[in-house]
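Visitor: Could you show me how to read the features of a protein model, one at a time?

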Amino acid sequence: MADPAAKQQERLAALLQEGRTFPPPEEFRRQANIRDVKVYEEAQRDLEGFWGAQAERLDWFKRWDKALEWNAPWAKWFVGGKLNAAYNCVDRHARSERRNKAAILWEGEPGDSRVLTFGMLEREVNRFANALKSLGVKKGDRVAIYLGMVPELAIALLACAKIGAPHSVVFGGFSAESLRERIQDAKAKILITGDGAWRRGNVVPLKHHADEAIQGAPSIEHVVVVERVGKAAHAAMKEGRDFWWHELVAQASDQCDPEAMDAEDLLYILYTSGTTGKPKGVVHTTAGYLLGVSTTHRMIFDIKENDVYWCTADIGWVTGHSYIVYGPLANGCTTLMYEGSPDYPDRDRFWSIVAKYGVNVLYTAPTAIRTFMRWGAEWPAKHDLSSLRLLGTVGEPINPEAWIWYHENIGHERCPIVDTWWQTETGMILISPLPGLTATKPGSATRPFPGIEAEVLDERGRRVGPGAGGYLVLTRPWPAMFRTIYGDPDRYVNQYWSRYEGKYFTGDGAKVDEDGYFWLLGRVDDVMNVAGHRISTYEVESALVDHSAVAEAAVIAKAHDVKGQAIAAFVTLKEGVQPTEELKAGLKQHVANKIGAIARPEDIFFTPELPKTRSAKIMRRLLRDIAEGRVLGDTTTLADPAVISKLKQQYEEEGKGE
């Protein structure tokens, strides 16, 4: 009799060894920025030479003496070099033929819009940099930023960078308590916030949250408030402490010399979401980070001079830092910012924006794509999407069927898809196709970027064979790698560098197929242990989404007396499909057929919506709380907290919370 574990492993491998491959379209390949496979060989042969050549594209006040000093886990890139991130993102373009080129296209939720050329952006950044100076901000002072997706958010980042004041952006969906924790950890001197923000037609009371947060945050000396909503925000201003943005900049000069920053000077701190206990402040420095994000942005998204590029993330997350602000603007690219949600005022908002601005490159999340699938192809079909030539995905592994839907209904089978893997900590994309070179497979992030070395290891640190699962590690330094956890270097070493000596432990599971393509399986803590068998939530979710009735699925493990853990699936059905007991049984069998009986969900729960953050990630942690009958954990990052409350009530009413 065949070994059940071996049989299960064989089926898991089959699920991930996606048979469909998509070579770069010939017309795209001919015009691609990177067309020669030698780029991988060159980076492998001479890592420092490869990154040094890319660094020549930046403007330096003083050239570096040495490209890399590496004493694992400590790295220094471009030692001795001096530059300024804001100068590279704004000033040098404003003083060139790009002066009147659009730098930021902004679309507000209510439909208002703004265009900032590089020349205009330079003046706005300089004015706000001078405003910060007038409030006593000096090089090295930390500035906390708590704003919605308005142009002032990007301006604030760049103004901080201009004067050498590290910024710490806190996502506008966080609670007052979460904001306070991050302010306290960074010991921020200034807080920049808004009177409010728009979200699905409602006002998010940012200033109210900010006022609550800074009670007990004595490091804050002043608060700068962007007027976005007006009277409806009911924002209270404290005389002597609070200042309106527009009043400060009206009095400020539009001339400001950039601070010459050392290559290794702190550019920003970003706190990772979903952490328990003390917030974890990821530290990114100036030169390596800017180089990493600008190089990957140019090469992976095949950026052309006249492109309109749209990353749909929020700047409150690293994706927005790297691929809305710093990467695109360093490349002199027109970057689009959108304030609102994909379904307000209707489900075609993204596609109307693509058509309105003639977007050429679109970078969004798999969760959003699965939501679009559920809504139906008729929504994008209403709009002219012919301007699109490249699509990207970010945030979590993409299911093959969602990849195909994106390819067919958004890219109309002519746009390469770059499925990208990276982290807050990595700063830049590390695994991704190069769209003019790489034949893609739906669901795979394909190969490490040139110069990046990745391996999949087992518990003992041995490389696993093709199709076998393990832990993803990085074995070579890269420019945008984070340097430490702010104020806690021991935690940095213990969490990321202690499991495998000299290798960066990503915390993600992965597999590599026979072609050397990487298949990301999600966080290690999203691997379930069912009766001694390790099963990835991603693999079961992929099997469920493969069913014709399913739009989206989230899978979690719940405690089980016999198996240790049992699989529970929360499933959203496609429009028009009715939930029935027969369908539930059919889905369980479908998973068993796809993966093996050991992966058959014990419980399937139909739900109209899944709990997601505003960056479109599913909050599986909260689903585990529901399935095990626990008190719900922190819900402050949810786009709509009501979703999880309704889901909990439904679950308990059906007697599944026992």
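**Reading helices, cavities and backbone**

Guide: α5 and α7 are oblique to each other. Keep in mind that this model is predicted.

Visitor: At what angle do the axes of α5 and α7 cross?

Guide: The axes of helix α5 (residues 85–94) and α7 cross at roughly 120 degrees and come within 7 Å. Angles of 65 to 115 degrees would count as roughly perpendicular and those over 145 as roughly antiparallel, so this pair is called oblique. The crossing is left-handed.

Visitor: Which residues make the contact between α5 and α7?

Guide: From α5 come A85, A86, C89, V90 and D91, and from α7 come L158, A161 and K162. By class, the residues of this contact are six nonpolar, no polar and two charged.

Visitor: And how does α7 pack with α12?

Guide: Here the axes are 11 Å apart, and the angle between α7 and helix α12 (residues 318–330) is about 60 degrees. That angle makes α7 oblique to α12, and their crossing is right-handed. On the α7 side the contact uses A154, L157, L158 and A161, while α12 supplies H321, V325, Y326 and L329. This contact divides into seven nonpolar residues, one polar and no charged.

Visitor: Next, empty space. How should I look for it?

Guide: Rolling a probe the size of a water molecule over the atoms shows where empty space is left. In this structure there are three cavities of 30 Å³ or more, and the largest cavity holds about 50 Å³ of space.

Visitor: What lines the largest cavity?

Guide: Its lining consists of A85, C160, A161, G164, A165, P166, M261, L266, L267 and T286. Two elements, α7 (151–163) and β14 (266–271), each give two or more residues to that lining. Eight of the lining residues are nonpolar, two are polar and none is charged.

Visitor: Finally, what should I look for in the backbone?

Guide: Most residues other than glycine have a negative phi, and most peptide bonds are trans. Exceptions to either pattern deserve a look.

Visitor: What is the phi of H412?

Guide: Phi of H412 is near 50 degrees, a positive value in a residue other than glycine. You will find H412 in the loop between α16 (400–410) and β20 (417–419).

Conventions. Residues numbered from 1 in each chain as written. Predicted model: local features only at pLDDT ≥ 70, side-chain atom pairs only at ≥ 80, totals over all residues. Heavy atoms only, no water. 1 Å grid on protein atoms, 1.4 Å probe; cavity = no way out; pocket = protein on both sides within 12 Å on 5 of 7 lines; lining within 4 Å. Points joined across faces, edges and corners; volume = space filled by probe spheres on them. Helix = DSSP H or I, 4+ residues; strand = E, 2+ residues; numbered from the N terminus. Nonpolar A, V, L, I, M, F, W, Y, C, P; charged D, E, K, R; others polar. Axes fitted to C-alpha atoms, helices over the stretch in contact; angles between N-to-C directions. Parallel < 35°, antiparallel > 145°, perpendicular 65-115°, else oblique. Left-handed = near helix turned anticlockwise from the far one by under 90°. Contact = heavy atoms within 4.5 Å.
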